[in-house]
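Please brief me on this structure. Cover its pockets, the annotated domain and the side-chain contacts.

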Amino acid sequence: MGIDLADEKQAIVVTDHDSRVLARKRVRAKAWRLGSVLEWAREVARRHGFADVTVGCEPTGHRWRVLDQLAAGLGMPLVCVQPLLVGRARESEDYTRDKTDDKDAVLIARLVGDLRCYVPERAEETWARLRHLGARRERLVAAATANVQQLRDLLECAWPAVLGCAAKPFESNSWCAALTVVLHRGNGRPERLARMGLARFLQAVNREVAHWGGRQIWRRIVSAVFTALTDQAGVSAQRAGALERACFVLADWHATKRRLSEVEARMVEVLDQLELTDLVSSIPGLSTVGAAAILAETGDLTRFDSPRAVVKHAGLCPRENSSGTKDGRTRIARRGRPRLRLAAWRAVWGAQANNPVLTARFYHLTTRPENPLTTGQAHAALAAALLRWLHVIITQRVPWNEQIASGRIDLSAAA
């Protein structure tokens, strides 16, 4: 049974193994109301001499999960077909992009009959919770990054002097607290706060720094912000409005950071429930949150047959581009879960400086005499290595071992 899932209009077709249509049906119903449709497909299949029916659909949105639960309740197997394959099959029919719901249902059924499908992940409750928390964290990280970029742009336009008060201003609790005091009390005119005097300004910032997670202020940074209050560099006509807007953006960023910390704490809590915290923490440089973000995208790693399968799932495996005497540039496949690839990439940036194996591997890949890699290529290779390590330590329940990770001893010999 191939079904083209939609909000309310569902196109269903039942075919045999040779893709001959046995029956068609169109219904107006939500995904939760398709139980009778599955029973109808079973009756059609048995009427034509088949033992049962296999349900096939595209894994788009959430509706396929609803259909999967309904099919499981009736004892029917359900498989998924990649939307990319459906699109390619649509063009191979008549070399056009002609599309209808009924035609897509037939193509889905045909691909299932050709075994060009896969059994979807059926995560248990704890893993499913981690997946949703990971998706929430990803949105918050994107929102926080956007807030920082917007705040930087506004300050560069209206008050550029304040950005030079700290080497990494947006990572400094003292700088953020001082900026909060200025934007909240200055009403778009920072020079007004100069009348407070340095001592009162330090006291105000000291009261604010706790809201940014700091314990005490860094006097040099706060003094530099106080000195910048009277700096008139910037677009004068835009200053009042831009700083008022910056005040709103700063509040949004602060609230987003608080929500992000809460979500990350819950993700670590899920890792504790799965009894994986000690294992992932055994990898030097890899934070617990970074590992949780990766596992939120992979799901239970025991469902993968090999570490290479995880790398392919992330789209980090290399793909050749050569023909005859021509050797094209080898790139990563980029087929798989983009958010898994991003999570592994981010984790590598934090782990590389604190992991001796990753540091040595990065140096080797970028400085070897033959085929040296660029920085980006080397980081992609390190991200793939990190995924392989996680698969081994989680599926085999063994802590990370530097000798094995560096290739100095064989895993089987260590066992």
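The residues lining the largest pocket divide into 16 nonpolar, 8 polar and 14 charged. That pocket has a volume of about 1,400 Å³. The model is predicted.

**Largest pocket**

- The lining comprises 38 residues.
- P59, W64, Y118, E121 and R337 are the closest of these to the pocket centre.
- Five helices each supply at least two lining residues: α2 (63-73), α3 (83-94), α5 (125-158), α12 (307-314) and α13 (338-351).

**Second largest pocket**

- The volume here is about 690 Å³.
- The second largest pocket has 25 lining residues.
- R331, I332, Q377, A380 and A381 lie nearest its centre.
- By class, the lining of the second largest pocket splits into 13 nonpolar, 4 polar and 8 charged residues.
- At least two lining residues come from each of α12, β9 (331-332), α13, α14 (356-367) and α15 (375-395).
- Helix α15 gives the largest share of this lining, with 6 residues.

**Annotated domain**

- An unreviewed UniProt entry annotates residues 2-160 as "domain: Transposase IS110-like N-terminal".
- Over residues 2-160, the chain is 52% helix and 15% strand.
- The end C-alpha atoms of this stretch are 60 Å apart.

**Aromatic contacts**

- The structure holds 6 aromatic pairs.
- F170, W175, W212 and W253 are linked into a cluster by ring pairs.
- W253 also has a charge over its face: K257 lies there, at 4.8 Å from the ring centre.
- R220 lies over the face of W218, at 5.1 Å from the ring centre.

**Salt bridges**

- There are 24 salt bridges in the structure.
- Side chains of opposite charge can pair when their charged atoms come close.
- One of the salt bridges joins D101 and R26, with the closest N and O atoms 4.0 Å apart.
- D101 sits in helix α4 (residues 101-113) and R26 in strand β3 (residues 21-28), so this pair ties together parts that are 75 residues apart in sequence.

Definitions and conventions
Residues numbered from 1 in each chain as written. Predicted model: local features only at pLDDT ≥ 70, side-chain atom pairs only at ≥ 80, totals over all residues. Heavy atoms only, no water. 1 Å grid on protein atoms, 1.4 Å probe; cavity = no way out; pocket = protein on both sides within 12 Å on 5 of 7 lines; lining within 4 Å. Points joined across faces, edges and corners; volume = space filled by probe spheres on them. Helix = DSSP H or I, 4+ residues; strand = E, 2+ residues; numbered from the N terminus. Nonpolar A, V, L, I, M, F, W, Y, C, P; charged D, E, K, R; others polar. UniProt positions renumbered as here; feature names shortened; annotations may be inferred. Phe/Tyr/Trp six-rings, centres within 6.5 Å; stacked < 30°, edge-to-face > 60°. Lys NZ or Arg CZ within 6 Å of the ring centre and 35° of its normal. Salt bridge = Lys/Arg side-chain N within 4 Å of Asp/Glu carboxyl O.
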